[in-house]
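Hi,

Here is the structure I promised to pass on. Have a look at it first, and then read my notes below.

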Amino acid sequence: MIELHPEARVSALADIEDSTRGTRIVLGERSVLDSFVKIKPAGGSGDLIIGARTVINSGCVLYTGNGIQIGDDVAIAANCTFAPVNHEYRRRDIPIRQQGFRPSKGGIVIEDDVWIGANCVILDGAILRRGCVIGAGAVVRGEIAAYSINAGQPLTVIGWRE
């Protein structure tokens with residue numbers, strides 16, 4: 001089920017697939033999905049909930065997996081991938097594609113006023129606390145402190161918002 005607020009804006013070039021598993025995709029007031037954003041309900045039965053005044057720029061891919069919650073006033077730069085699901089891979093006698101998925105680590109939670117730079121990958125279990133900044137090209141897993149500025153590989157706190 002797709003719920004778009006009347007004041008939300010979705011580019012004609014965005015691609016939102018409706019779920020066959022009954023999960024919800026919700027886009028809040030005055031939020032924007034830019035061109036070539038792909039939303040794919042895959043890998044689980046989690047909802048995708050996007051708050052108010054959030055912008056997701058071109059080329060981002062969001063798999064719903066175990067769920068994604070994005071707060072208000074979030075800025076997501078181009079070409080980011082949100083993957084709140086993990087393939088099972090441990091057995092060598094079965095091809096990875098036939099092993100299903102690993103248990104959930106809680107999906108992805110992004111609180112209000114977060115900035116995610118271009119080309120980031122946000123993984124299952126990531127919690128980005130209020131006001132944090134993620135530098136371009138980062139891989140994010142686990143909890144990121146509120147108002148911290150993070151960059152690099154591995155992801156490191158490089159400063160704090162004042």
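This is a predicted model: local features need pLDDT of at least 70, side-chain atom pairs count only at pLDDT 80 or more; totals for chains, interfaces and linings use all residues.

**Notes on the two sheets**

Isoleucine 122 sits opposite valine 140 in E18.

Zooming out, E15 and E18 are part of an open sheet of 6 strands, with parallel pairing and the order E3-E6-E9-E12-E15-E18. At its edges are strand E3 (15–16) and strand E18 (139–140), each of which pairs on one side only.

There is also an open sheet of 8 strands, and here the pairing is mixed: the order runs E2-E5-E8-E11-E14-E17-E20-E21. Its edge strands are E2 (9–10) and E21 (156–160), again each pairing on one side only. Within this sheet, strand E17 (residues 133–134) and strand E20 (residues 148–151) run parallel and are joined by 2 bridges. Isoleucine 134 stands opposite asparagine 150 in E20.

One residue I'd point you to is serine 148, which lies in strand E20. Is serine 148 buried or exposed? It counts as buried because its relative accessible area is 0%, and the cut-off for buried is under 20%. As for what surrounds serine 148, leaving aside neighbours within four places in sequence, its contacts are Cys132, Val133, Val157, Gly159 and Trp160.

Cheers

Key. Residues are numbered from 1 along each chain as its sequence is written. Side-chain values use heavy atoms; hydrogens and water are left out. Two strands pair if DSSP finds at least two bridges between them. Helices (H or I, at least four residues) and strands (E, at least two) are DSSP runs, numbered from the N terminus. Buried means under 20% relative accessible area, exposed over 50%, partly exposed in between (1.4 Å probe, protein chains only). Contact means heavy atoms within 4.5 Å.
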